[in-house]
Amino acid sequence: MIKPISPTEAAARLDELWSPRVLAEVDDAYVKVAKVQGTLAWHSHADEDELFYVLKGALRIELEDGVVELGEGQMCVVPKGVRHNPVAEQECHLLLIERKSTRHTGDEVTGLTRSIDEQRRPL
């Protein structure tokens with residue numbers, strides 16, 4: 001049976017920062033939510049675009065050639081191959097859309113890196 005999902009409520013229930021969780025699958029993409037604060041890591045995804053949509057708060061995405069500032073209700077797509085570093089000064093809730101092959105922090109591995117199995121854990 002198809003059931004409605006509230007990304008806003010799902011993100012608010014998260015208890016870990018920088019640990020995205022899969023809410024749904026659409027063809028070859030995952031729809032995820034995350035609660036973030038602070039800095040993730042400079043990284044890129046060689047073969048995948050990444051969509052960031054701010055559900056609550058504000059997100060700064062640092063790029064090698066500038067910065068994208070997002071507020072609630074705003075989104076942007078970081079194209080494949082573009083190095084970026086997501087930063088949230090205060091707690092921020094995100095909806096992310098990524099291909100299933102997208103690794104959390106690309107080729108960079110940090111203490112915040114989460115595997116797809118970790119991201120697929122139930123909320």
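This is a predicted model: local features need pLDDT of at least 70, side-chain atom pairs count only at pLDDT 80 or more; totals for chains, interfaces and linings use all residues.

User: Why is leucine 96 called buried?

Analyst: Buried means under 20% relative accessible area. Leucine 96 has 5% relative accessibility, so it counts as buried. This residue is found in strand 7.

User: Which residues does leucine 96 touch, leaving out those up to four places away in sequence?

Analyst: Leucine 96 touches Pro20, Tyr30, Val31, Lys32, Ala34, Leu51 and Phe52.

User: What is the separation of the C-alpha atoms of tyrosine 53 and valine 77?

Analyst: These C-alpha atoms are separated by 8.8 Å, while the two residues are 24 residues apart along the chain.

User: What makes a set of residues a nonpolar core, and which members of the largest one touch the most other members?

Analyst: The members must be buried residues of the listed kinds, Phe and Leu among them, joined through side-chain atoms within 4.5 Å. The largest nonpolar core has 17 residues, and those touching the most other members are Val36, Phe52, Leu59, Ile61, Leu70, Cys92 and Leu94. Strands 2, 3, 4, 6 and 7 each supply at least two residues of this core. Strand 7 gives the largest share, 4 residues.

User: Which residues does the second, separate core include?

Analyst: This core of 8 residues includes Ala11, Leu14, Val31 and Val33.

Methods: Residues are numbered from 1 along each chain as its sequence is written. Side-chain values use heavy atoms; hydrogens and water are left out. Buried means under 20% relative accessible area, exposed over 50%, partly exposed in between (1.4 Å probe, protein chains only). Contact means heavy atoms within 4.5 Å.
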